[in-house]
Amino acid sequence: MILKRTDLDPDEWTPREMRHSFVSLLSDSGVALENISRLVGHKGTVVTEKVYRKQLRPVLLEGAEAMNLIFPGEARKA
């Protein structure tokens with residue numbers, strides 16, 4: 001398995017999780033949905049977008065912005 005070549009714990013990553021992460025990371029990196037769909041073997045973009053793609057960046061940004069509001073000025077001290 002490919003995980004043996006990484007620092008990831010194979011007991012914590014299933015093929016399903018790897019596939020979802022692959023799609024999400026490519027999407028967040030700006031790869032066109034049509035290209036991602038072809039890479040994962042989907043006939044169209046609907047399943048890729050609705051089931052596999054999890055938009056990580058907006059969630060992370062929203063969380064970071066919320067923390068900045070909760071702890072204003074703390075980031076500058078680090």
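This report describes the helices, core and surface of a predicted model.

## The model

Local features need pLDDT of at least 70, side-chain atom pairs count only at pLDDT 80 or more, and totals for chains, interfaces and linings use all residues. Residues are numbered from 1 along each chain as its sequence is written, and side-chain values use heavy atoms, with hydrogens and water left out.

## Overall layout

The chain has 5 helices and 0 strands. From the N terminus, the order is α-α-α-α-α. Helices (H or I, at least four residues) and strands (E, at least two) are DSSP runs, numbered from the N terminus.

Of the 78 residues in the chain, 18% are buried. Buried means under 20% relative accessible area, exposed means over 50%, and partly exposed lies in between (1.4 Å probe, protein chains only). Now take contacts between residues at least 6 apart in sequence: 40% of them join residues at least 24 apart. A contact means heavy atoms within 4.5 Å.

## Helix 1 and its ends

Helix 1 covers residues 15-28 and has 14 residues. From first C-alpha to last, helix 1 reaches 20 Å, close to the 20 Å expected at 1.5 Å a residue. The expected span is 1.5 Å times one less than the number of residues. His 20, Val 23, Ser 24, Leu 26, Ser 27 and Asp 28 are buried in this helix.

Thr 14 lies in the segment before helix 1. Thr 14 has a relative accessible area of 39%, so it is partly exposed. Its C-alpha is 9.8 Å from that of Leu 3, 11 residues apart along the chain. After helix 1 comes Gly 30, with a positive phi near 95°.

## The core

The largest nonpolar core has 5 residues: Val 23, Leu 26, Ile 36, Val 40 and Tyr 52. Such a core is a set of buried Ala, Val, Leu, Ile, Met, Phe, Trp, Tyr and Cys residues joined through side-chain atoms within 4.5 Å. In soluble globular proteins, nonpolar side chains tend to be buried together.

Leaving aside neighbours within four places in sequence, Tyr 52 contacts Arg 19, His 20, Val 23, Ser 24, His 42 and Val 47. Ser 24 belongs to helix 1. Ser 24 is buried because its relative accessibility is 2%.

## The surface

The chain exposes about 6,400 Å², and carbon and sulfur atoms supply 59% of it. Accessible areas come from the Shrake-Rupley method with a 1.4 Å probe; for residues, only the protein chains shown count as cover.

Met 67 sits in helix 4 (residues 56-70). Met 67 is partly exposed because its relative accessible area is 44%.
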